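Subject: the structure you asked about

Hi,

Here is the structure for you to open up and turn around. Have a look at it first, and then read on for what turned up.

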Amino acid sequence: MRVVTALLAPALVGICGSLLPATPAPAAADDTTPPTAPAELRVEALTCDSVSLSWSAASDDVGVDAYDIYHDGQLVTSVPGTTRSATLPVVGGVNWGWYVNARDEASNVSQAGPTVSVTPPYCEEDTEALTVPTGLTGTATGTPR
């Protein structure tokens, strides 16, 4: 048995990198502590059809798995926990309230970070004046009083 182990050991080290068992990571089910809230949400760029947001990292005892980005209470997208920014679609002339939550592998969710409100400009300025319709006719039907 020692001869087989001695012969196989170099091959196993080459394949596995070690003969020692890997130290298991803490089980996600054991993690009940949510991450801290992401901080310093800010607008990096704003156009008529997109907004670029960035924020400071949240922290977690096991690690932040993802950031969930919301607009007025609706989840818009999620980005990996190593990402600290996102460019998102918007509609010009509409007020948008954005905030970010952090989430860990055990699905513990942080409190919401600060909300930032943005109102993107319209994509095209409407410079044509309204006109009054002409040539309209109509008839009334029904029971007279």
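Let's begin with a term: a disulfide is a pair of cysteine sulfur atoms within 2.5 Å. Keep in mind that this is a predicted model.

**The disulfide**

How many disulfides does a search of the whole structure find? The answer is 1. Its partners are Cys 48 and Cys 123, with 2.0 Å between their sulfur atoms. Because the torsion about their S-S bond is about 95 degrees, this disulfide is right-handed. The two cysteines come from distant parts of the chain, 75 residues apart: Cys 48 is in the loop between β1 (39-46) and β2, and Cys 123 is in the segment after β7.

Is Cys 48 buried or exposed? Buried means under 20% relative accessible area and exposed means over 50%. Cys 48 has 17% relative accessibility, so Cys 48 counts as buried. Cys 123 has 53%, so Cys 123 counts as exposed.

**The chain as a whole**

Stepping back, you'll find 1 helix and 7 strands in the chain. Reading from the N terminus, the elements go α-β-β-β-β-β-β-β. Of the 145 residues, 28% count as buried. The chain exposes about 10200 Å², and 56% of that comes from carbon and sulfur atoms. If you take the contacts between residues at least 6 apart in sequence, 59% of them join residues at least 24 apart.

In general, strands of a sheet pair through backbone hydrogen bonds, either parallel or antiparallel. Here is how that looks for β2. Towards β1, there are 5 bridges, and the two strands run antiparallel. A hairpin of 3 residues joins β1 to β2, and Leu 46 stands opposite Val 51 in β2. β2 and β5 also pair in the antiparallel sense, over 5 bridges. On the β5 side, Val 51 has Leu 88 as its bridge partner, and Ser 52 has Thr 87.

Which way do the side chains of β2 go? Ser 50, Ser 52, Ser 54 and Ser 56 point one way, while Val 51, Leu 53 and Trp 55 point the other way. In β2, 7 of the 7 residues are buried, so the strand is largely enclosed by the rest of the structure.

**The core**

The largest nonpolar core has 17 residues, and those with the most contacts inside it are Leu 53, Trp 55, Ile 69 and Trp 98. Two or more residues each come from β2 (50-56), β3 (64-71), β5 (85-89), β6 (96-104) and β7 (116-118). Which element gives the most? That is β6, with 4 residues.

Cheers

Notes: Residues numbered from 1 in each chain as written. Predicted model: local features only at pLDDT ≥ 70, side-chain atom pairs only at ≥ 80, totals over all residues. Heavy atoms only, no water. Core = buried A, V, L, I, M, F, W, Y, C linked by side-chain atoms within 4.5 Å. Buried < 20%, exposed > 50% of the residue type's maximum accessible area, 1.4 Å probe, protein only. Pairing = 2+ DSSP bridges. Contact = heavy atoms within 4.5 Å. Areas by Shrake-Rupley, 256 points an atom, 1.4 Å probe, with all protein chains shown as cover.
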